[in-house]
Amino acid sequence: MDGKDVHKNAQPGEEMKTVEPKINIKSTSLVRESTKSYLMKTVTQFKRNPSVPNLHSTAQRKYATFCRNRTAELYTTFLGLVGYPDFGKSKFIKEFKACVPFPGKTNERTVGGMAKDGFVMHGVVRYAYKGNLIEECRKNGKEHGLRVVCTQMGDIWIRLFSNGKRLAQVVLSADCKVAANPKPIDDGGLKGLMSHLHLILECFEVKQDP
């Protein structure tokens with residue numbers, strides 16, 4: 001049904017009104033809370049053991065701070081921008097093999113976190129990549145929601161994804177300031193990412209201006 005169909009029965013002289021879709025706020029809230037409860041177990045497991053093998057010491061220090069402060073709600077906040085998956089069939093697996101951050105057998109490495117149907121990444125996962133730490137949310141194996149990368153140089157790379165498609169990227173320098181180079185990338189989601197950037201900065205214990 002298009003806009004013309006909505007008003008095709010309007011009588012002469014009647015004001016044509018646009019029919020606005022109704023958003024069930026209560027239902028959305030329930031989905032968000034349900035999603036958070038599924039993620040919470042994995043986040044708790046990560047907090048208990050923030051050390052990840054094969055990380056550069058700088059990346060490990062950055063991640064330890066992030067891991068100490070990051071909550072499941074951080075991920076649900078960013079999932080709210082791209083859609084909440086159903087994590088009901090996922091379970092926490094301490095270690096399993098997956099092809100990350102890119103597809104292909106040559107990128108197979110050890111991953112920890114949420115998976116379903118064997119070892120399909122579905123939820124929050126983390127892994128080492130060339131000495132850097134990547135923690136991200138996945139949906140049916142594809143990047144979906146927030147990705148945080150703690151690099152061996154001390155920079156923090158932040159991306160927002162939707163079903164494997166990058167929507168935005170922001171790089172924080174070692175002092176957690178938004179870097180001019182590489183500059184932020186907007187593929188349709190930078191405004192949303194920036195609106196919640198303060199939540200990520202809080203995880204790294206950055207003191208922000210009032």
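This is a predicted model: local features need pLDDT of at least 70, side-chain atom pairs count only at pLDDT 80 or more; totals for chains, interfaces and linings use all residues.
1. Helices here are DSSP runs of H or I with at least four residues, and strands are runs of E with at least two, both numbered from the N terminus. Just after α4, Gly83 takes a positive phi of about 115°.

2. Residues are numbered from 1 along each chain as its sequence is written, and side-chain values use heavy atoms, with hydrogens and water left out.

3. The largest pocket holds about 390 Å³ of space; a pocket is an open set of points on a 1 Å grid over the protein atoms alone, where a 1.4 Å probe fits, with protein on both sides within 12 Å along at least five of seven lines, and its volume is the space filled by probe spheres set on the points, which are joined across faces, edges and corners. Of its 19 lining residues (those with an atom within 4 Å of a point), Val52, Pro53, Lys94, Glu95 and Thr110 are the closest to its centre. At least two lining residues come from each of α2 (25-48), β1 (91-99), β2 (108-116) and β3 (120-129).

4. The second largest pocket has a volume of about 240 Å³, and among its 13 lining residues Tyr129, Ile134, Arg147, Val149 and Arg159 lie nearest its centre. Two or more lining residues are given by each of β4 (132-139), β5 (142-150) and β6 (156-162).
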